[in-house]
Amino acid sequence: MEVYRSNNGQLLKVSKAQNGRIMTVCGKEARSFENEKQFNVHLYNKGFHLAMTDRATLFARRFEEY
């Protein structure tokens, strides 16, 4: 899961669905995107910037286990 923040303080939570679509939730609004390109266009147009991701921590946890 990733969290993006806009310039006016809104938070956008992102997760991947089982069917490969990207699901986003911003307040009470939920959206779905078919691919990464559509999602990136939405982020750019709405002014969202990455605030938090779990990718780095997941990698570190796997690395420490081995």
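Modeller: Before we start, I call a residue buried if its relative accessible area is under 20%, exposed if over 50%, and partly exposed in between, with a 1.4 Å probe and protein chains only. This is a predicted model, where local features need pLDDT of at least 70 and side-chain atom pairs count only at pLDDT 80 or more, while totals for chains, interfaces and linings use all residues. Residues are numbered from 1 along each chain as its sequence is written, and side-chain values use heavy atoms, with hydrogens and water left out.

Colleague: Fine, so what percentage of the chain do buried residues make up?

Modeller: Of the 66 residues in the chain, 23% are buried. The chain exposes about 5500 Å², and carbon and sulfur atoms supply 52% of that area, using the Shrake-Rupley method with a 1.4 Å probe, where for residues only the protein chains shown count as cover.

Colleague: How many helices and strands are there, and in what order do the elements run?

Modeller: The chain has 2 helices and 5 strands, running β-β-β-β-α-β-α from the N terminus on. Both kinds of element are DSSP runs numbered from the N terminus, helices being H or I with at least four residues and strands being E with at least two.

Colleague: And what is the strand order in the sheet?

Modeller: The 5 strands form an open sheet in the order E4-E3-E2-E1-E5, with antiparallel pairing; two strands pair if DSSP finds at least two bridges between them. Strand E4 (29–33) and strand E5 (48–53) each have a single partner strand and stand at the edges, so one side of each lacks a neighbour in the sheet. From one strand to the next, the twist averages 25°, an angle taken between N-to-C directions on a scale from 0 to 180 degrees, with axes as lines fitted to C-alpha atoms and, for helices, over the stretch in contact.

Colleague: How many bridges join E1 to E2, and what stands opposite Tyr4?

Modeller: Strand E1 (residues 2–6) and strand E2 (residues 11–16) run antiparallel and are joined by 4 bridges, with Tyr4 opposite Leu12 in E2. Their hairpin has 4 residues between the strands, and Gly9 in that hairpin takes a positive phi near 95°.

Colleague: Switching to the helix, which residues of H1 are buried?

Modeller: In helix H1 (residues 36–46) the buried residues are Phe39, His42 and Leu43. They cover an arc of only 100° around the axis, which puts them on the same side of H1; the arc is that of the directions from the helix axis to the C-beta atoms. Lys37, Tyr44 and Asn45 are exposed on the other side of H1.

Colleague: What do those buried residues pack against?

Modeller: They pack against E1, E2, E3, E4 and E5.

Colleague: Then which residues make up the largest nonpolar core?

Modeller: That core has 9 residues, namely Tyr4, Leu12, Val14, Ile22, Cys26, Phe33, Phe39, Leu43 and Phe48. By nonpolar core I mean a set of buried Ala, Val, Leu, Ile, Met, Phe, Trp, Tyr and Cys residues joined through side-chain atoms within 4.5 Å. E2, E3 and H1 are the elements that give two or more residues to this core.

Colleague: And what is Phe33 in contact with?

Modeller: Leaving aside neighbours within four places in sequence, Phe33 is in contact with Arg21, Ile22, Thr24, Gln38, Phe39 and His42.

Terms used:
Contact means heavy atoms within 4.5 Å.
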